[in-house]
Amino acid sequence: MSSPKSQNIAIIGAGLAGLTLSLALHAHSIPSTIYELRTPTTHTEGALMLGPNALSVLSSLGIYSRIKSHGFLFSKLVYKDDQYNSIDEYYLGDEKLFGFNALRIYREVLLRELRNAVKERGIEVQYNRKFTKVVSEDDNGVVFGFADGTREEASLLIGADGIHSKVRQYTHPDIKPIYSGLLAITSAVETSKLRFPEPNYPPVSSIHGKHGAFAFATQNPQGTEMLVGTQRKFPEQDKAGWDALRANSEELQRMFRANKSEWPDLVQSAMENMMLDRLSIWPYYVVPHLDTWSSPKKRVVILGDAAHAIPPTAGQGASQAFEDVFSLALLLSKMGGKVQWDAVLEFWQKYRVERVEKVLALTMVLNQKRLPAEEKAKLGDEEVVFRDIAGGPEQQRWLFEPKIEEHMSHWLEEQRETN
C-alpha cells in the first residue's frame, strides 16, 4: 500500500479540527485540501475552553501567540455551595505546573485566526463543496463525490466534519450520535451587573445546590462579560424540535430562570440580567464507542467530533480533536521504509481511543458533580465517584501533558527495530 502522504490529503470540514489538521500536515510538508459545505458566516456563537494539551498543539503551529491576548487566562474552576463556601476546585490549567494556563476564548476568534493561518500558508480551501459519498477506494487512494456531481481523488480522505459527520456514515453506516439526556442552557451577562457576594470572587466558578450547578465563566480579556448557565435533564427532540426550542425565546427564558427564588442572589442576578440575544441551548450528544476510526480499506479516516463527540463539561472537546490531528500528522510525517500505513493507523486508533475513553470517564465524573442534590443522593456507592477529583492539580497531569511526541517516537522506534 502506498504511503498516504505521497499525494494530496483531502479533509472534509473547515471547522476547528479540519483547519488545525491542515496546519499540522503543512508543518510536516504534507499537502492537503479542505472541502467545506458553506462559506464561513460572519459570526459564530459561543466561547470554548482550551486546556494546556490543546494550547501546546496550537503553540507548535504558531496559533497560540495569535489568540492568547484575545481570551481570558485562568487556572481553575472553584466549586461553591449555595452559601458561597468553597467546597472543591478543579484545575483546568496552570502555567507553572503544565506550561499553560487555561484559555477561554470566543469560538469565532479561534476560527478566524486558524483561517488566517491556513490562507497565509497557501493551504487550499474549497467552500460550497457539499461532500456526499465515497465512490471508491483501494490501496492507492480514494475517489469521492459532491452534491454538484463532481468528483475528486486523494491518497487519504479525512472526515473532520463534526458529530453529524457525513464521512462517518460511510465508515460506520449503522452508528448515530446518542443523546445523553442532558441539555445545557446558557447566556452571557455583563460582569458589572452581577451581585457578587465578595470582592475578588473567582472568575470561573460554579454554585451547587438543590437544583444542580450554575456556572460562571469570564470569557473576554477585559473580564467585562461572563458565560452564565446550567444544565438539566430534557427529553430528546428531532432536528425540527431542537430548532423550534432554540427559536422559542419565552420558553428558553422560563427554563433559564427555573426555581429562581431557590438560588443564591448571585445566580438570581444572572437570571435577571442575562442577554436575551445570547440565550442558547446545547444538547449533549455523544458518539458511541468505536473500535476503529477508519474504513476497512483504510483510506477513509474520521477524527474529532466525527469520531468521539465529548460533552463540554471537562472542556476537552476541542482539545481532544487537536490531539487527534497533531498525533496523526506526526505519524504520517514519519512513514516510509519499515513504517507502513496499516501499522500506523492501527497504532494511532488504539492510542487515541484509549485516551478518549479516559476523558469521557472524567467527563462523567464532572457531570455527576453538577447533579441536583436529590439525584446525587440516589447514586449507589459504586456510582459516587464525583468525590474522587479532589486532591489538587497533580492528578490532572495525565490530561494536560499527554507527551504525544514521546509516545509516537517510542512506537516508531519499536517499529524500526522489529521490522
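Predicted model: local features only at pLDDT ≥ 70, side-chain atom pairs only at ≥ 80, totals over all residues.
Trainee: In what order do the seven strands of the open sheet with mixed pairing stand?

Mentor: Strands (E, at least two residues) and helices (H or I, at least four residues) are DSSP runs, numbered from the N terminus. Two strands pair if DSSP finds at least two bridges between them. In this open sheet, the order is β6-β5-β14-β15-β16-β13-β17.

Trainee: Why is one side of β6 and of β17 left without a neighbour in the sheet?

Mentor: Strands of a sheet pair through backbone hydrogen bonds, either parallel or antiparallel. β6 (86-91) and β17 stand at the edges, so one side of each lacks a neighbour: each has a single partner strand.

Trainee: In β15, which residue is the bridge partner of H208?

Mentor: β14 and β15 run antiparallel and are joined by six bridges. Within β15, the bridge partner of H208 is A213.

Trainee: At about what angle does α8 run to β13?

Mentor: Axes are lines fitted to C-alpha atoms, for helices over the stretch in contact, and angles run from 0 to 180 degrees between N-to-C directions. α8 lies across β13, β15, β16 and β17. Its angle to β13 is about 90 degrees.

Trainee: Against which elements do the buried residues of α9 pack?

Mentor: Buried means under 20% relative accessible area, exposed over 50%, and partly exposed in between, with a 1.4 Å probe and protein chains only. In helix α9 (residues 265-273), the buried residues are L266, V267, Q268, S269, A270 and M271. Contact means heavy atoms within 4.5 Å. The buried residues of α9 pack against β14 (204-209), β15 (212-218), β16 (225-233) and α8 (249-256).

Trainee: Which strands are the edge strands in the open sheet of three strands?

Mentor: This sheet has the order β9-β10-β11, with antiparallel pairing. Each edge strand pairs on one side only, and these strands are β9 (131-138) and β11 (151-154).

Trainee: How far from the ring centre of F146 is the charged end of R129?

Mentor: F146 is the bridge partner of F131 in β10. A charge sits over a ring if NZ of Lys or CZ of Arg is within 6 Å of the ring centre and within 35 degrees of the ring normal. The charged end of R129 sits over the ring of F146, and its distance from the centre is 4.0 Å.

Trainee: Why are F72 and F74 described as a stacked pair?

Mentor: Rings of Phe, Tyr and Trp (its six-membered ring) pair if their centres lie within 6.5 Å; planes under 30 degrees apart count as stacked, over 60 as edge-to-face and the rest as tilted. A search of the whole structure finds 17 aromatic pairs. The rings of F72 and F74 have centres 6.2 Å apart and planes at 20 degrees, so the pair is stacked.

Trainee: How many residues apart in sequence are the parts that Y179 and Y285 tie together?

Mentor: Y179 and Y285 form a tilted pair, with 5.2 Å centre to centre and 45 degrees between the planes. Both Y179 and Y285 are buried. Y179 lies in strand β13 (residues 178-190) and Y285 in strand β17 (residues 280-286), so the parts tied together are apart in sequence by 106 residues.

Trainee: Is the crossing of α11 and α15 left-handed or right-handed?

Mentor: The axes of helix α11 (residues 317-333) and helix α15 (residues 404-418) come within 10 Å and cross at roughly 35 degrees. A crossing is left-handed if the near helix is turned anticlockwise from the far one by less than a right angle, and right-handed if clockwise. The crossing of α11 and α15 is right-handed.

Trainee: Is N200 buried or exposed?

Mentor: N200 lies in the loop between β13 and β14. Phi of N200 is near 60 degrees, a positive value in a residue other than glycine. With a relative accessible area of 77%, N200 is exposed.

Conventions: Residues numbered from 1 in each chain as written. Heavy atoms only, no water.
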